[in-house]
Amino acid sequence: MTTRRFPDGFEWGTATAAHQVEGGNWNSDWWEFEHRPGSIVAEPSGDACDQWHRYPDDLRLLADLGFSTYRFSVEWARIEPEEGEFSTAALDHYARVCDTARDLGIQPVVTFHHFTTPRWAAVDGGWADSGIVDRFARYCERTARHLGADRIARACTINEPNIVASMGHMMGVFPPGHTDDAEWDAARANFCAAHRAGVDAIKSQADVPVGMTLSMAEYAAVDGGEEYAAAHQARMEDQFLDACRGDDFFGVQTYSRLRLGPQGMVGPEEGVELLPMGYEYWPWALEATLRHAWNRLDGQVPLLVTENGIGTGDDEQRRAYVQKALEGVLSAIDDGIDVRGYTYWSLLDNFEWIFGYRIHFGLVACDRTTFERTPKPTADWLGDIARTNAIDVA
Ligand code: BGC
């Protein structure tokens with residue numbers, strides 16, 4: 001065993017998103033989607049982890065475990081419940097979340113859009129309509145003004161716009177549930193424009209680092225699938241990376257790899273373990289995606305791992321996965337790639353979108369009836385790595 005140190009100032013955190021943990025987010029498009037007759041969502045989000053009320057406990061837990069950042073999202077549907085009508089009470093709530101974090105020595109990494117959109121915006125064209133760009137910028141401006149640079153350590157404009165665009169508009173498994181390639185194209189373009197407008201809007205009110213966070217995968221071409229893989233990656237990743245040139249940082253979010261043949265996805269490789277999410281256990285993907293993001297951004301934009309994790313009931317498997325993923329981060333850093341932090345998804349077992357509550361990504365379990373939090377062994381293990389900024393490698 002040797003002990004490997006991460007660069008000084010490396011940021012260690014965990015992440016959540018409002019809809020997945022707060023509970024009662026009824027004014028969002030997701031709530032409506034969950035409650036459609038015959039919805040494909042396994043179960044409604046309901047009270048989630050009741051973090052709306054329990055955030056002080058969660059922040060205290062994070063600090064006690066040894067983490068220095070917390071990435072969470074503010075909920076547009078609560079902050080702007082009707083078009084142009086802003087809720088001071090909701091903005092004050094998120095100001096208190098930031099203040100509580102800071103008092104505990106935790107830096108707030110604030111995501112402005114994490115999958116959910118207010119119902120009023122969704123029914124009026126949503127992300128397929130270019131009108132969303134100005135709406136999103138106005139909401140960012142108002143929220144950044146209220147929270148201010150003293151509260152926000154980093155701002156993420158949009159979480160995984162590539163997933164919302166493809167799942168919502170091409171595959172139909174996220175709201176609005178459409179399967180329309182032209183809409184998919186429009187949504188991607190609108191998300192890229194909204195990111196740029198969001199960066200400007202946030203920076204006009206709070207001089208803080210701002211970036212996008214993107215869902216990435218290791219792209220593996222099989223049986224001559226190179227052309228298809230490159231075309232798919234262009235729409236899923238490169239179009240968004242190209243919209244992030246000049247940003248203060250870029251958030252890499254990686255879980256697994258994709259295998260693509262000449263006709264499309266070919267599914268998992270025989271012999272590779274499958275996770276409950278239906279994709280391969282592939283911790284090596286993180287390093288591959290850091291390299292891809294770095295190269296596509298010409299080595300000019302610092303990277304942060306803003307999500308990486310595993311949905312599993314086996315906490316020992318979780319530890320092994322994160323160990324391998326972190327070894328990949330070190331290998332990227334050894335090659336001169338500027339990686340500034342690692343954020344585990346997620347702090348809590350929470351609402352995993354169409355899968356409901358049956359998939360467990362958390363470092364901390366959450367009882368579905370009492371909301372009691374119980375840290376798993378990996379929480380302490382990763383907290384120690386965060387505290388010492390070092391990891392033992394074989
Ligand atoms: C999303 C999270 C999600 C996680 C695990 C990411 O795509 O940002 O909201 O829970 O992956 O699937």
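Colleague: Is the crossing of H9 and H10 left-handed or right-handed?
Modeller: Right-handed. Keep in mind that this is a predicted model.

Colleague: Fine. At what angle do the axes of H9 and H10 cross?
Modeller: Roughly 25°, and the axes come within 10 Å. Angles under 35 degrees count as roughly parallel, so H9 and H10 are roughly parallel to each other.

Colleague: Which residues meet there?
Modeller: From H9 you have Trp-184, Arg-188, Ala-189, Phe-191 and Cys-192, and they meet Arg-235, Met-236, Gln-239 and Phe-240 in H10. Sorted by class, that contact has 6 nonpolar, 1 polar and 2 charged residues.

Colleague: What about H7 and H9, how do their axes cross?
Modeller: H7 is residues 131-147 and H9 is residues 181-205; their axes come within 8 Å and cross at roughly 25°. That makes H7 roughly parallel to H9. The crossing of H7 and H9 is right-handed.

Colleague: Which residues of H7 and H9 make the contact?
Modeller: On the H7 side it's Ile-132, Val-133, Phe-136, Ala-137, Cys-140, Glu-141, Ala-144 and Arg-145. H9 brings Asn-190, Ala-193, Ala-194, Ala-197, Gly-198, Ala-201, Ile-202, Ser-204 and Gln-205. By class, the contact of H7 with H9 has 11 nonpolar, 4 polar and 2 charged residues.

Colleague: Switching to the ligand. Which residues come nearest?
Modeller: There are 13 residues around the ligand, and of those Gln-20, His-114, Glu-160, Glu-307 and Glu-352 come nearest.

Colleague: How far is the side chain of Gln-20 from an oxygen atom of the ligand?
Modeller: 2.8 Å, taken from an N or O atom in the Gln-20 side chain to a ligand oxygen. Tyr-255 has a polar side-chain atom 3.4 Å from an oxygen atom of the ligand. For Trp-345, an N or O atom in the side chain is 3.2 Å from a ligand oxygen.

Colleague: Back to Glu-160. What is its phi?
Modeller: Near 45°, which is a positive value in a residue other than glycine. Glu-160 sits in the loop between strand S5 (154-159) and H8.

Colleague: And Trp-345, is the peptide bond from there to Ser-346 cis or trans?
Modeller: Cis, with omega near 15°. Ser-346 is in the loop between strand S10 (339-345) and strand S11 (364-366).

Colleague: What joins Pro-175 and Pro-176?
Modeller: A cis peptide bond, with omega about 5°. You'll find Pro-176 in the loop between helix H8 (161-170) and H9.

Colleague: Last topic. Where is Glu-316?
Modeller: In helix H12, which covers residues 315-334. The Glu-316 side chain makes a polar contact with the side chain of Arg-319, at 3.0 Å.

Colleague: One recap for my notes: which side chains did you give ligand distances for?
Modeller: Gln-20 at 2.8 Å, Trp-345 at 3.2 Å and Tyr-255 at 3.4 Å, in each case to an oxygen atom of the ligand.

Methods
Residues numbered from 1 in each chain as written. Predicted model: local features only at pLDDT ≥ 70, side-chain atom pairs only at ≥ 80, totals over all residues. Heavy atoms only, no water. Axes fitted to C-alpha atoms, helices over the stretch in contact; angles between N-to-C directions. Helix = DSSP H or I, 4+ residues; strand = E, 2+ residues; numbered from the N terminus. Parallel < 35°, antiparallel > 145°, perpendicular 65-115°, else oblique. Left-handed = near helix turned anticlockwise from the far one by under 90°. Contact = heavy atoms within 4.5 Å. Nonpolar A, V, L, I, M, F, W, Y, C, P; charged D, E, K, R; others polar. Near = heavy atom within 4 Å. Polar contact = N/O pair within 3.5 Å; in protein donor to acceptor, adjacent residues only side chain to side chain.
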